[in-house]
Amino acid sequence: MATGFYTHPDCVRHEMGEWHPECPERLRAIEDQLIAGRIDGLLERREAPAADEASLRLVHSQDHIDFVRDNIPESGYFPIDPDTLLNPYSWRAATRAAGAAVAATDAVIGGELENAFCSVRPPGHHATPTRAMGFCLFNSVAIAAAHALEVHGLSRVAIVDFDVHHGNGTEAAFGNDERVLMCGIFQHPFYPFSGANDPAPNMLNIPLEARTSGMAAREAIEYGWLGRLNAFRPEMIFFSAGFDAHREDDLGGLGLTEADFAWITKEVKAIADRHAKGRIVSCLEGGYNLSALGRSVVAHLKVLADV
């Protein structure tokens, strides 16, 4: 079976101003590196469908869904906060991002794909059930995990988040839900200034100091949550795949490289192969140095695709 690659042109049409680091060029940089890395032809490309509101409601309140939809401007921007803005295409992009994650989950559970990567934006892991924030509108990974639990009837899913920022929205969605184990590394103290103090028992958070090296991050992961992941025996694993922990990314302060992202992917994939029939869905989160982002996604995908 192949590794799926989900994306859609609507995800490029969402933008928040020329100054904004969460920009359409991020997806173009990934496409360029897929070609440069000679992996483009090894992936099964699929067009991301738009998620329906029933899928969004698996995680988000109706008030939040209505707020995003009803404030899409006809032109220009609607600011949710200083860093999170809507443009005329933001609803389409956000529902395509969530729809990619849901469709990838269906295809992987259904045996059509071994695993899948969703090259989508806006990112999602800061979006709480009731609030858009941190560049994020809807929490695609949380929606996909909830879909696996509620629609497909899985009993245990794991979410692995290696973005430089803590996935506060995902934690808000699943804190104290024994069906979900969330494992994360993130820089702390750093936006959104959460995750380090008294997390729920099913949240295995590893705060890292600024300038932590890739090898130190690997050691923290090896001793911090790989054993717990194995013991949990997840039936499916989801990646919140943020690559802004790369040492070349100016929006963060950690020291990871492509090799470190590949190592994380390999270790988690081994657990998925052992317990979850290899079922993995990965969704793009952060990553703002365009070259480092593209190279890191290729490293991540090469492990997923066994090339």
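A crossing of two helices is right-handed if the near helix is turned clockwise from the far one by less than a right angle, and left-handed if anticlockwise. In this predicted model, the crossing of α5 and α6 is right-handed. Welcome to a short tour of that helix pair and the chain around it.

Some ground rules come along with the model. Local features need pLDDT of at least 70 and side-chain atom pairs count only at pLDDT 80 or more, whereas totals for chains, interfaces and linings use all residues. Residues are numbered from 1 along each chain as its sequence is written, and side-chain values use heavy atoms, with hydrogens and water left out.

**The whole chain**
- The protein chain holds 11 helices and 10 strands, counted as DSSP runs (helices H or I, at least four residues; strands E, at least two) and numbered from the N terminus.
- With a radius of gyration of 17 Å, close to the 19 Å from the globule rule for 307 residues, the chain is as compact as a globular protein of that length; the radius is taken over C-alpha atoms, and the rule is 2.2 Å times the number of residues to the power 0.38.
- Its C-alpha trace spans about 50 × 45 × 40 Å along the principal axes.
- Of the 307 residues, 61% count as buried (under 20% relative accessible area, 1.4 Å probe, protein chains only).

**The α5 and α6 pair**
- Helix α5 (residues 90–109) and helix α6 (residues 140–150) have axes that come within 8 Å and cross at roughly 35°; these axes are lines fitted to C-alpha atoms over the stretch in contact, with angles from 0 to 180 degrees between N-to-C directions.
- On the α5 side, the contact (heavy atoms within 4.5 Å) is made by Ala97, Ala98, Ala101, Val102, Thr105, Asp106 and Ile109, and on the α6 side by Ser140, Ile143, Ala144, His147 and Ala148.
- The contact residues divide into eight nonpolar, three polar and one charged; Ala, Val, Leu, Ile, Met, Phe, Trp, Tyr, Cys and Pro count as nonpolar, Asp, Glu, Lys and Arg as charged, and the others, Gly among them, as polar.

**Inside α6**
- Helix α6 is largely enclosed by the rest of the structure, because 10 of its 11 residues are buried.
- Ala144 of α6 is buried, with a relative accessible area of 0%.
- Ala144 and Ala101 sit 43 residues apart in sequence, yet their C-alpha atoms are 5.4 Å apart in space.
- Leaving aside residues up to four places away in sequence, Ala144 touches Ala101, Val102, Thr105 and Phe238.

**Ser90 of α5**
- Ser90 belongs to helix α5 and is buried, with a relative accessible area of 0%.
- Beyond residues up to four places away in sequence, Ser90 touches His14, Ile72, Leu85 and Leu137.

Definitions and conventions: Buried means under 20% relative accessible area, exposed over 50%, partly exposed in between (1.4 Å probe, protein chains only).
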